[in-house]
Amino acid sequence: MRHLPNPRTGLDTQSLETDIREHLRYTLAEDHYSSTQWDNYQSLVLAVLDRLHDRWLDTQNNFHQKKTKQVYYLSMEYLIGRLLDNCLLNLGIQEETRQALKNLGIDYDQLRSAEWDAGLGNGGLGRLAACFLDSMATLGIAGMGYGIRFDYGIFYQRIHKGFQVEAPDQWLRYGNPWDIVRPEVQFKINFYGQSNYYEDAAGEVFVKWENTDQVLAVAYDTPIPGYRNDKAITLRLWKAESVHSLDLARFNEGDYMNAMRDKTLNENISRVLYPNDKEFVGQELRLKQEYFMVAASIQDMFRRFDSMFSDLRKFPEAVAIQCNDTHPNLAIVELMRILVDIRRLPWDLAWDITRKTISYTNHTLLPEALEKWPVSLMKLLLPRHLELVYEINRRFLSQITLSSGQDLSQKQHLSIISQGETPMVQMGHLGVVAAHRVNGVSAVHSDLMKKTIFRDFAQLWPEKFINITNGITPRRWLKQCNPLLSDLITDKLGEGWVNHLDELKQLEKYAEDPAFQKSIQAVKLKNKHSLADYLKSRHGIELNTQAIFDVQIKRIHEYKRQLLAALHTIVLYNRIKADPEACIHPRTVIFAGKAAPGYVLAKLHIKLINSIGEKINQDPDMQGKLQCVFIPNYNVSLAEHLFPASDLSEQISTAGFEASGTGNMKFALNGALTIGTLDGANIEMMDFIGRENMFIFGMTVDEVRDLRISGYDPESYVAQNPELELALSQVREGFFSPEDPGLFAPILSALLERGDYFMVLADFDDYAIKQQEVEKLYIDQSHWTQKSILNIARMGYFSSDRTIMDYAKLVWDVQPVKGQA
C-alpha cells in the first residue's frame with residue numbers, strides 16, 4: 001500500500017502547499033480573500049516549523065538520552081538576520097517552497113521581504129554567534145545559545161541631512177512567528193537587597209541574599225537547523241516580565257502611572273540592546289541586562305543538569321559554558337553563588353567546578369572595551385556577587401607566587417578590583433582568573449592579548465591562553481547569499497564544499513581558465529546589477545555597475561578607519577577635478593555601518609562621508625567616474641546583497657586593533673580582493689591566499705608601537721603629501737559643509753592636535769599607492785579574475801565549522817553526536 005506524504009512534515013511541493021493553506025485558514029483564520037502579505041508569510045513560517053519540530057525534538061531527545069555534554073553559549077548579541085531563507089536552505093526545500101507558493105498565487109521573492117531582520121545584535125560579535133550556532137547544528141554538537149529577546153534591538157539607523165538619527169528598531173511590531181514562548185520555563189531574577197549571614201545546626205555559616213527586587217525571565221525558543229542532517233539546536237532568549245504586573249490598589253486610587261511603574265521598569269531590562277551607558281541609569285540598566293541573562297541561563301542549566309544527574313561533581317563533565325566576550329562573565333560569580341550559597345558546596349569544590357566549566361573568549365584589545373563596573377554600582381545592584389568577587393580576588397592574590405624582591409603591592413595591577421578613587425570590578429580580569437581556557441580570535445590578536453592586556457596573567461598561566469581563529473558559515477555567506485556563484489562552484493566540484501569548505505581548493509586549477517573566468521565575471525556583474533536594483537528600490541540610490549565597487553561595511557569606529565577611505569575618496573575627487581580628461585576606471589565607494597549613539601566623533605564621520613558623497617554625486621564632472629554612497633541601517637540582509645557584488649574589500653584598521661574581523665572572510669569567499677593592513681585575520685588570510693593576491697599596506701603592529709614610542713608627528717606626514725594636505729584643508733575650510741564651515745573641526749582636531757591615535761595620516765600614502773595598484777589590476781580583468789578565483793579557492797580554513805571543531809577539541813571536550821533518538 002502506497003503511503004502519501006504527511007502534509008504537516010512532508011518536504012514535497014504538494015505537502016507544503018496544503019500545509020500553508022491550512023495554517024492560513026485554521027491557525028490564522030484567514031483566506032485568500034482577506035489575507036495580507038504578513039498573514040501569508042506567517043503561514044509559510046508555520047509550515048516550515050512543522051517540518052523543523054520533529055527534527056528539533058528528536059535532536060534534543062537524542063542529547064538527553066545519551067546524557068551528552070552540553071555546550072552553553074552565552075552572548076549578549078545574536079545577529080541572526082532573516083531566518084526564512086536559511087531554514088529552507090538547510091532543510092533543502094527552497095524550490096519546493098517556491099513552487100508551492102506559486103501554486104497558491106504568491107510570489108516567494110515578494111513574500112520573503114515581509115520578514116524583518118531580528119534586532120538582536122549590532123556587529124561582528126553577534127554575527128559570529130549566529131554562525132557558531134549554524135555550525136554546531138550542522139556538525140551535531142550538543143549546543144544551545146542563550147541571550148536576551150530585545151524588544152527593539154540597538155536602533156534603526158536613519159540618515160537625516162547626512163547625520164545618523166537613531167529610531168527604535170521595531171522588529172517585533174507584528175510578533176515573531178519563529179520563536180516559541182515557554183511559559184513553564186521561567187525564573188525569578190534578584191536585584192538589590194543585602195547579604196545576611198546565618199549559622200545552621202551544625203555550626204556552618206551560610207549566606208542568604210534577601211529583601212531583593214525580583215524580575216521574571218521567560219524563555220523564548222527558536223530552532224536552529226543543521227544543514228540537511230535532520231538536526232536542530234536551540235537559541236533560547238529571555239524576556240523580562242514583572243512579577244507584579246499591576247498595583248491594583250494604586251490603579252483604583254486613580255494613580256495609573258505608578259500602578260504600572262514596576263512593570264515598566266522591570267520590562268526595560270529586555271527593551272533595548274546596549275542602552276547608552278554615559279549616565280548612571282544607563283550603566284545600571286546595562287549591568288542589569290548582563291546579570292539577567294546569565295542568571296536565567298545558569299538556573300536553566302541547573303534545571304537541565306538535575307534532570308539527568310545527582311552528583312554536582314559531574315557538572316563540568318556535563319556542562320561547558322562559553323562566555324562570548326566580557327558581557328557574560330558574571331556567569332562566573334553566579335555559578336559560584338549557586339554552588340556555595342544554594343547548593344552549599346565547600347568553596348574549593350565550587351571553585352574547581354566553576355573553573356573547569358567556564359571558558360572565555362576575548363574579542364578586543366581596546367582597554368575601554370574591557371568592561372569595568374563601579375564597585376559602588378555592583379554593591380547596590382548585586383551585593384552578594386560583589387562579596388564573592390572580593391573573595392575570589394583575595395584568594396587569587398594570596399596564591400600568586402611572587403618573584404624575589406617583589407611584594408604584593410607590585411602585583412595589584414593583576415587584581416580583579418582596580419585601585420583608585422573609584423574602584424572598579426574588571427570583568428576581563430575576572431574571566432581570565434576563573435576560566436580554564438581564554439582564547440583570542442586570530443593569531444595576531446591572541447599573541448597581542450598575551451603581550452598587552454593580559455601579559456602578567458599569561459606569564460602566570462601560559463597554558464590557559466590559546467588561539468581559535470574566527471570563521472563564517474558557508475551556508476549563509478555563499479550558498480544562500482550568492483546562489484549564482486554557489487551554483488557555478490557546484491557545477492565544478494559537486495555539493496561537498498558546503499559542509500567541507502576546504503574542497504574549494506580544487507578551484508585553483510580553473511583560475512587561469514578563460515571560460516571559467518568569464519563565468520565568474522558574469523556572476524559578479526549580475527550581482528552588481530542585483531545590488532543596484534535593490535538600492536534603487538529601497539533608497540533611491542543609483543549605482544554605476546561598470547565601476548569598481550569599493551566597499552567598507554562595518555561598525556563605525558575610529559580604529560576601523562572609515563576616515564582613511566573617506567580622505568582617499570576626496571583625493572580621487574580632486575584628481576578628476578584637476579584633470580577631467582584623465583583616463584581612470586570608474587569607482588563607486590560604498591560605506592555602511594552604525595555608530596554607537598553616544599560615540600559623537602564616529603557619528604561625525606558618518607556626516608563627513610555623506611557630505612563628501614553629496615559633493616561628488618552632484619558634480620557633473622564625476623558622472624560615470626566617481627560615486628560615494630552611505631547606505632543606511634546596515635544589517636544582515638543588506639550584507640547579503642553587498643558581499644556578492646563587491647570588487648574590493650576594505651579591511652584597513654590600525655594594525656593591532658582589530659581582533660579578527662569576519663567581514664574580510666565573507667568578501668573573499670565571494671570573490672572580492674582585499675585591501676588591508678596586517679591586522680586581525682587579514683594576516684592568516686594572507687598566509688592562505690598569498691600576499692600577491694591581496695593589497696597589503698601600512699604599518700605592522702611593531703611599527704605602530706615603535707612610531708608611537710619614538711614620537712609620532714602627524715603634521716609631518718601631511719606636509720609630505722600635497723594631495724592629503726589639500727583634502728584636509730577642504731574639510732577644515734568647509735568645502736564639504738558650506739552651511740557650517742567648522743562642522744568637522746573635531747575630526748581635524750583628533751588628527752592634528754590630539755595626535756592621530758589611530759595613525760590615519762601615517763598610513764595614508766601607502767594606502768593611496770595601493771589603491772592605484774587596485775585600479776591598474778582591475779583594468780586587466782583576466783588577471784583580476786584569476787586572483788578573485790584564488791581568493792575563493794583558498795578560504796576553506798575560514799569556515800566556522802573548523803572554528804567550532806577547534807573549540808570542541810581544545811576547550812569544550814565534546815564530540816559531534818551521531819544519529820537521532
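Which residue just after H30 takes a positive phi? Just after H30, the residue with a positive phi, of about 90 degrees, is Gly 755.

This is a predicted model, in which local features need pLDDT of at least 70 and side-chain atom pairs count only at pLDDT 80 or more, while totals for chains, interfaces and linings use all residues. Residues are numbered from 1 along each chain as its sequence is written, and side-chain values use heavy atoms, with hydrogens and water left out.

**The chain as a whole**

The chain has 33 helices and 21 strands, where helices (H or I, at least four residues) and strands (E, at least two) are DSSP runs numbered from the N terminus. Its radius of gyration is 28 Å, close to the 28 Å that the globule rule gives for 821 residues, so the chain is as compact as a globular protein of that length; the radius is taken over C-alpha atoms, and the rule is 2.2 Å times the number of residues to the power 0.38. Taken along the principal axes, the box filled by the C-alpha atoms is roughly 95 × 85 × 65 Å.

Of the 821 residues in the chain, 61% are buried, a class that means under 20% relative accessible area, with exposed meaning over 50% and partly exposed in between (1.4 Å probe, protein chains only). Among contacts (heavy atoms within 4.5 Å) between residues at least 6 apart in sequence, 76% join residues at least 24 apart. The chain carries 89 positive and 105 negative side chains, and the centres of these two sets lie 3 Å apart; Lys and Arg count as positive and Asp and Glu as negative, His and the chain ends are not counted, and the place of a charge is taken as NZ of Lys, CZ of Arg, CG of Asp or CD of Glu.

**Helix H30 and its surroundings**

Helix H30 spans residues 745–753, and its buried residues are Ile 747, Leu 748, Ser 749, Ala 750, Leu 751 and Leu 752. These buried residues pack against helix H22 (562–578), helix H23 (600–617), H28, H29 and helix H31 (760–779).

Asn 721 is found in the loop between helix H28 (714–719) and helix H29 (722–732). Not counting residues up to four places away in sequence, Asn 721 touches Phe 764 and Asp 765. With Asp 765 there is also a polar contact, side chain to side chain, at 3.2 Å; such a contact is a pair of N or O atoms within 3.5 Å, and within protein one must be able to donate a hydrogen and the other to accept it, while residues adjacent in sequence count only if both atoms are side-chain atoms.

**Ala 295 in helix H10**

Ala 295 is found in helix H10 (residues 280–306). Its C-alpha atom and that of Phe 187, 108 residues apart along the chain, are separated by 8.7 Å. Apart from residues up to four places away in sequence, Ala 295 touches Ile 189 and Glu 334.

**Asparagines with positive phi**

Asn 211 lies in the loop between strand S7 (205–210) and strand S8 (213–225), and its phi is near 55 degrees, a positive value in a residue other than glycine. Asn 633 lies in the loop between strand S18 (626–631) and helix H24 (636–645), and its phi is likewise positive, near 55 degrees.

| Residue | Relative accessibility | Class |
|---|---|---|
| Asn 721 | 9% | buried |
| Ala 295 | 1% | buried |
| Asn 211 | 59% | exposed |
| Asn 633 | 12% | buried |
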